[in-house]
Amino acid sequence: MKTALVTGASSGIGRATAVALAQAGFRLVITGRRRERLQELAAELAPAPVHILTFDVRDRAAAIAAVKSLPEAFRQIDVLINNAGNAHGLAPIQEGDPNDWDLMLDSNVRGLLNVTHAVLPLMQERRSGFIVNIGSIAGHEAYANGNVYCASKAAVASLSKGMRLDLISLGIRVAEVNPGAVETEFSAVRFKGDAERAAKVYQGFEPLKPEDVAEVIQFMVTRPPHVTISEVTILAGAQAAATTIVKQP
Ligand code: NDP
Ligand code: 8X3
């Protein structure tokens, strides 16, 4: 049985990915800050073997300690899904809140690096592994008011390429998944709990569901060793670019 560690499994794309990987026969390490959510998910995944790690990806020491604390049965991590992250705010750069910028860069970029740094030694010693970084369509195009969020995801795109080059000789494969508009808690977090504003993002068209992204990830990580799907962009059917979405009244 293979083991997958999914960051940000308490909600949205990460949660759906944990479910899809359990269905594919993986043993799961699920992580996030909201322990109760992770406990609910673990109960839902039973009888699949699940281990919960509760930590903030921005805290490097906590990430390292969490991975070190893994029981023997969960230490052979075959697949790492670097998914934890969020947008905070949507404002022109001249009006942006630097605290929001810190949150995005610290979680989406440094957080991804912290978890990767903690997990890589376990993959290196076995000369085997598969890392999937959750980027975004926003990492491949900038949109008005998206500035720092787009930059954080552009960093994920660049890191995915760099990691793939550095890790290939160690037997570790790296892929990037770039979703478009997925209805999750993403917009509620971006708009700081303003549910009405968040709901408007997904009105007038059918957005992606987290499960749509999860099934692609499941397919990618279950390919045989001679196949690497290195980069995938998944848009909603009504979406041509990040903010080019055909909405019906
Ligand atoms: P959600 O808000 O539903 O989920 C975000 C997850 O990330 C939660 O499980 C949250 O867990 C975790 N997380 C956030 N910050 C931290 C942190 N500092 N430490 C630990 N865990 C953290 O959003 P999505 O599922 O939509 O987002 C998942 C990923 O997909 C993100 O990287 C996002 O940028 C990306 N994405 C989303 C798109 C969308 O349209 N929804 C499109 C493209 C990419 P907890 O709060 O419990 O810590
Ligand atoms: C989330 C998708 O287009 O709202 O990464 O930035 S978008």
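The expected span of a helix is 1.5 Å times one less than its number of residues. In this predicted model, helix H5 (residues 147-167) has 21 residues, and the distance from its first C-alpha to its last is 30 Å, close to the 30 Å expected. For helix H1 (residues 12-23), the end C-alpha atoms lie 17 Å apart, which agrees with the 16 Å that its 12 residues should span at 1.5 Å a residue.

| Helix | Residues | Expected span | End-to-end C-alpha distance |
|---|---|---|---|
| H5 | 21 residues (147-167) | 30 Å | 30 Å |

H1 is mostly covered, with 11 of its 12 residues buried. Among them are Gly12, Ile13, Gly14, Arg15 and Leu21. Just after H1, Gly25 has a positive phi of about 95 degrees.

In H5 the buried residues are Val148, Tyr149, Cys150, Ser152, Lys153, Val156, Leu159, Ser160 and Met163. Their cover includes H4, strand S5 (129-134) and strand S6 (172-179).

Two packed helices are described by the angle and the distance between their axes. Helix H3 (residues 60-68) and helix H4 (residues 98-124) have axes that come within 9 Å and cross at roughly 30 degrees. The crossing of H3 past H4 is right-handed. H3 contributes Arg60, Ala63, Ile64 and Val67 to the contact, and H4 contributes Asn114, Val115, Ala118 and Val119. By class, the residues of this contact are 6 nonpolar, 1 polar and 1 charged.

Around ligand 2 stand Ser136, Ile137, Ala138, Gly146, Ala181 and Ala242. This shell has 4 nonpolar and 2 polar residues, and no charged ones.

Conventions
Residues numbered from 1 in each chain as written. Chains lettered and ligands numbered in written order. Predicted model: local features only at pLDDT ≥ 70, side-chain atom pairs only at ≥ 80, totals over all residues. Axes fitted to C-alpha atoms, helices over the stretch in contact; angles between N-to-C directions. Helix = DSSP H or I, 4+ residues; strand = E, 2+ residues; numbered from the N terminus. Left-handed = near helix turned anticlockwise from the far one by under 90°. Contact = placed C-beta atoms within 7 Å. Nonpolar A, V, L, I, M, F, W, Y, C, P; charged D, E, K, R; others polar. Near = placed C-beta within 6 Å. Buried ≥ 20, exposed ≤ 12 C-beta atoms within 10 Å, placed from the backbone.
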